[in-house]
Amino acid sequence: MRKAKGTTAIGYVNKHGQKVLRSTGEPGSDHNQIIYVLRCGDCGHEYGANGSDIWQRRCPCHDKGRPGLAYTP
């Protein structure tokens, strides 16, 4: 298992206030990606995202973000 760094590090918050909570270890929808659980800093909504998308993600509930990826809680 690779050590998380940069935008996939637990606790990282992107410019839209989306915080990385954890890695699921599950395969994402992009090549060689895994799903991470993000939480919106404004509304608290939690959703899955590819590691490569974390830096640009917006909340799918209120900030016109793309729907989150399904993951096992």
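## Sheet architecture

Is β3 mostly covered or mostly uncovered, and how many of its 5 residues are buried? In this predicted model, β3 is mostly covered, with 4 of its 5 residues buried. The strand belongs to an open sheet of 3 strands, arranged in the order β1-β2-β3 with antiparallel pairing. The edge positions are held by β1 (18-27) and β3 (46-50), each of which pairs on one side only. Neighbouring strands of the sheet are turned against each other by 30 degrees on average, direction ignored.

Strands of a sheet pair through backbone hydrogen bonds, in either a parallel or an antiparallel manner. Here β1 and β2 (residues 34-40) run antiparallel and are joined by 6 bridges. Within that pairing, V20 stands opposite L38 in β2.

In soluble globular proteins, nonpolar side chains tend to be buried together. The largest nonpolar core in this model has 6 residues: V20, Y36, L38, Y47, A49 and I54. Two or more of these residues come from each of β2 and β3.

Which residues is Y36 in contact with, once its neighbours within four places in sequence are left aside? The list comprises T8, V20, R22, S23, Y47, G48, A49, G51 and I54.

## Salt bridges

Side chains of opposite charge can pair when their charged atoms come close. A search of the whole structure finds 3 salt bridges. One of them joins E46 to R39, with the closest N and O atoms 2.7 Å apart. Both partners are partly exposed: the relative accessible area is 36% for E46 and 35% for R39.

A further salt bridge is formed by the side chains of R66 and D53, at 3.3 Å from N to O. Both residues lie in the segment after β3, so the pair ties together parts that are 13 residues apart in sequence. The two partners fall into separate accessibility classes: R66 counts as partly exposed at 47% relative accessibility, whereas D53 counts as buried because its value of 9% falls under the 20% limit. The remaining pair is R58 and D63, whose closest N and O atoms are 3.2 Å apart. R58 is partly exposed at 34% relative accessibility, and D63 is likewise partly exposed at 23%.

## A position before the sheet

K15 lies in the segment before β1. Its relative accessible area is 67%, and K15 is therefore classed as exposed, the threshold being over 50%. The C-alpha atoms of K15 and P67 are separated by 18 Å, the two residues being 52 residues apart along the chain.

Definitions and conventions: Residues numbered from 1 in each chain as written. Predicted model: local features only at pLDDT ≥ 70, side-chain atom pairs only at ≥ 80, totals over all residues. Heavy atoms only, no water. Pairing = 2+ DSSP bridges. Axes fitted to C-alpha atoms, helices over the stretch in contact; angles between N-to-C directions. Buried < 20%, exposed > 50% of the residue type's maximum accessible area, 1.4 Å probe, protein only. Core = buried A, V, L, I, M, F, W, Y, C linked by side-chain atoms within 4.5 Å. Contact = heavy atoms within 4.5 Å. Salt bridge = Lys/Arg side-chain N within 4 Å of Asp/Glu carboxyl O.
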